[in-house]
Amino acid sequence: MGRLDLLECLKWINQNIEAFGGNPDDVTIGGHSAGSNNVTCLLMMEEAYQYFQKAICQASFCVDISLETKETAEFVSQALFEELGVSTIDELLACTNKEVLEAQIKISSSSASGSSAFSNVENKLFSPVIDDVVIPENYYKYLLDGGCEGITVMFGSNAGEYDQQFVDKEGNPLSDEDALNFTIEQNWGKLSDRGWNKENVQTIIKEFYEHNAEYNRDNWTAAKDLKNDLYLRCGAIMFAEALSRYTDVYFYHLDWDITPENNLRASHGSENDVIARNWSKVPTDMLEDADVISDTWAAFIRTGNPNNDGLPVKWTSYNNKTHNTLYFAPKISDSRMVEGVRQKDVDLLMPLFREYPLLKAALEEQPEGVVSKPGAYSGYSEAEYDGYQRYSVYVPVSDGTKLAVDYCIPTQSGVEVGEALPVVFTYTPYGRQRADCVTSAEWFTSYGYAFVSADCRGMGASYGTRDAANSPQEAQDGADIVAWIKDQNWCDGKLGTIGSSYVGQTQLAILSKSQLVDASVIGCTDYNKYDGWIRGGIPRAFGSMPDTNWEAIGGTVTVDSMVATTPAVDEDTDKTMLREAIEQHVANGLQIPMFQRLLWRDSYSEEVDGAYWNLVSASTNKETINASGSAIYLMGGLYDVFRRDTFVIYENLTTPKKMTIGPWYHTKAKVDPNWEIEQLRWFDYWLKGIDNGIMDEDPIYLKTANRAENNGYRWQTEWPVDAGSRTAMYLSGTDALSLTTEKTEYETYVDYDVVYGIATGVESASSADVDAKGLCFTTEPFAEDFEITGHAMAHINFEMLSDETDIDFFVTVSDYDPETGESFLFDDGHLRASLRGTEEAPYDFLGLPWHPADEAGAAPITTGEVYELEIDLMPTSYIVPAGHCLRVTISNSMDRFYYLGRSAFEADPTCETPSIRLYTGGENASYMELPDLYASAS
C-alpha cells in the first residue's frame, strides 16, 4: 500500500506542481535505505514510469531477499496475526503502532535466529511483495528489457554501511570469528550450513577471504565487507547492471566520512546531513569537501548529470564492461573513477542472487558489450573526451547580418583535439547556450564530434529582426551557417543537424536551401505549417515561444534585462555589440497574434509579403528537401501535437529515412528510447561511417501504449493507412449515451447546448472536464484488450439549432477505467464546420481528408440542415485493456484553442452559447471508424 500511496503522490505532483512553480516534466525521486527501497520499487512499477525522470538510490536493498514472494508474504502475515492475536484486518488496524512494531521485531528475530518456523524464509520480512500489482513477477526482466529506459539513476553505498554492528557496546571490535559468524547469521541462506547454498559456503567464504591481501584488509574488515556487499552493495549493482543497458546510471562508493574519529568507515546514512547541507553536523575542516558532495547531488537533481566544478574527476556512467564507479575518497580531492570497487568480491557474490541467471543470460546475448538497438548503444564508439572548449563568434550571412554562433571542440585533460571532426549543428531561436544546447555540447564532444549552436536572426545575440516564424530569410540564414561550418578547418566535411519543434522546422528549412547536410535528426515538428498550427481550421492558443514579451507591448522584458541574461560573443567583452543587436529585436513580430490573423490557408501576410502558410511550409519545399540528400531520422510522440505531421513527413521523404514514435508529449522529456543515444547511433553511421546496424533495422519503431511485449515497441516496414481492420462504433442514445458496434436503425438524436470554457486541452492526460461537459459516449467494459493503431475517423452528423453560421467540433478518445473513474485521453481531432470541404492534397497526406481551408471555399452553416463532418483523428497506437471502456466525447470548445465563441466567453462567462443536434441513429447516425493497421482485415 505504501508504494501505491507514493504513486498517488507522483500523480498529484504531475497534475499540480506547476501551480507552485515546479516542472512536472523534471521530477527527481530519491531516498536512503528503506526510502531508497521505495524508489527502486517505483522504478519497477510501469505505471509510475511516466511521472519522474531521475532517481537517487542511496544504500538501497532492492532485489533478491529484499523482495518477498506472495507465498512468503502470506506466511509472514499469518505469523504477525498470530503474534498480535488478531484474525481480521479491522482487528489489526485497531492495534497500536507500538504493538505492531514489537510483533514485527519478534518475528524478524525468530527468522534471523533460525527458528524452525522460518526455516525456509530467507527474505527480509515485511519487505515489498512480488504480487504482480506493485512489483511485477517479471520485475528483473522488465529492468533488463529497458523498462526504465530514459530515467537517469544514481546508485551507491558507503564503505562501512553496517560497520557499527561489528563492535560491542564499548566500541571494541568483535573477534574475527564472531564477526564472521554474525555475517553468516545475517545471510544464512547464502552462507550457512542450513541454507540453500550449504554445499558451496566454505568455498565462497574461503575465496572471499583470499582477496584480503589484494584489498589490504584484515579478517575483521573482510567480515564487514561480506555483510555490506550481500545486504546492500551487490543488490544495487544488480540494479545498475540491468538499467545501464538502456539508460545512464551513475554509480558511487563513498569512503568519505564526517565522523572519522570513531575508527569506522562511512556508515549507513552518514552522508544525509551533508547532502541536506545541515552544516552544523559537519566538522569545520570538512565543510569544503561536504560542499562538493552536496553540489554533486544538486547537479544531478537539476540536470540529470552529477558533474560539477567541484569534482576532481569527470563522473562517467556505469556499464557492465568497465563498471565505472566514482570512488569518493576520504579526501574529496583524491576521489577518482575506478572500474568497480573490489570487483573480485562482487564477481564472486553476484551469482548468489536469485536474479543473476537472468542477468547472465542477458550479458551472454551481447558479445563483449557490443550492442546497437534503440536506446542501447555500446561497443561502437566511446565517450573518450572529458571536456570541450567553447568559442563564440559572429558569422555574417549572405545579406551581411551577423549571427551569433558557438562552436565547441572536444578536449582531453584540457588539450583540444587537433584533427578535423564531424560536426553536429543546432539552429535555434531559444538561445544558443540554453540548457539543451549545453547538454548536447557535452554529449557530442565527449564522443568526438564538434558541436555548433547558432542564434536565429533577431534572437539571442544575433543581429537583425525576426519578422515571422520560420521565414524564408531564416531558412537562408541557416544554409549560410552550414556553408560556413563546412569551410572551417575543425570540420572534416561531415555535418548533421538536430532539433525538435521549432528547431525541427529550422532543419527542414535548411534542407530546402542546402545540399551540404549529411544527416538530420528531426523531432516533433510540422510539415505543412497550417495543418500543424491551425489544424482543422481552429488556431492553437499556445506555442508563443520564442516571442519576447517586450515592455513596449505591455510586457516586462526590457533591452537591459535581455542584455543582462544573454551571453555575448567572445570579442564583445563589454556587451556593446549585444546591446546593439537586442535593440533591433524589439521590432520582432509576434507569432501567436500573427497566426490568429491568418485563419485561411491562403491568408496574405505582410510579414513575408505573401501567403504565409504556403511560403514557410516544408511541404511546399518537398522536392528540394528530398534533393538535399540528407539521411533523416524522425522522432515523434504518441501524444505530441504534431504526431500526424511526423507520419506525413516520413511518407513524403525519398531520402534515407527512419522513424521512431515513442510515448512522448510535445514538451515533456523524450525517453524510451533516449534521444541522445538515437542521435549518436544515427550520426555514427552517417557521419563517421560506423556500421552499427541502424540501417539494417526496419525503418519504423512504433510504441503501442499498454502493450507488454518488448516494452510496447514493434518494428514495422511501413505505415499502411488503408490496411488492417476497421471497427465501426456508433454514437448511440438520446439521454443515456453509449458507444456500440450496433447501429440504431431508426432516427435518434441528442440536443446539446454548447459549453464554452472546457478545461481539457490538446495535451491533457485526463479527459475528465470534457467528459463532464461534452456529449460523452462510452462502451461497456471490454472482455479482451482492444487495440487502436492508425488514424481513427469521426463521422459527425449534426444540425445547428441556433442561428450561428459556423461552429467548431472537437472529438476526444479516452481509455476509461470504471473501477477508478479515471480516464486517459490518448487521441483527438477537430474541425471548423465551415471548412469541411475536401480536395486532393498537393503532397502525400496519407489518404486522409485534406481541407483546402481557403477563404473563398468556406461554406457557412444554415440552421435546420444536416451536415456531415469527416474528422481525421491524430495517429495513435493504443491498447484499451480488458475491463476498461472506450470513451468518445464530442464538444465545441477545448482549452488552448481559439475556438469560435471563446472571445465572447472570456468577456462574459454567462454568455449565450449555440445549440446543436447530434444524430445518433438512422441514416444520419454519427459513428467512429477505429483502425488496427497491422491486424488482419475482418
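The model is predicted, and local features need pLDDT of at least 70, side-chain atom pairs count only at pLDDT 80 or more, and totals for chains, interfaces and linings use all residues. Residues are numbered from 1 along each chain as its sequence is written, and side-chain values use heavy atoms, with hydrogens and water left out.

View A. Strand 27 pairs with strand 32 (residues 885-891) over 4 bridges, and Leu775 has Ile890 of strand 32 as its bridge partner. Strands (E, at least two residues) and helices (H or I, at least four) are DSSP runs, numbered from the N terminus, and two strands pair if DSSP finds at least two bridges between them.

**View B. Helix 24 (residues 643-652) and its Tyr650.** Helix 24 has 9 of its 10 residues buried, so the rest of the structure largely encloses it. Buried means under 20% relative accessible area, exposed over 50%, and partly exposed in between (1.4 Å probe, protein chains only). Tyr650 counts as buried at 4% relative accessibility. Leaving aside residues up to four places away in sequence, Tyr650 touches Leu634, Lys657, Lys658, Met659, Pro699, Ile700 and Thr717, where contact means heavy atoms within 4.5 Å.

**View C. A salt bridge between Lys11 and Glu822.** The closest N and O atoms of this pair are 3.9 Å apart. Lys11 lies in helix 1 (residues 2-16) and Glu822 in the loop between strand 29 (808-816) and strand 30, so the pair ties together parts that are 811 residues apart in sequence. Lys11 is buried at 9% relative accessibility, whereas Glu822 is partly exposed at 42%. A salt bridge puts a side-chain nitrogen of Lys or Arg within 4 Å of a carboxyl oxygen of Asp or Glu.

View D. Arg217 is buried at 10% relative accessible area, and Asp225 is buried at 2%.
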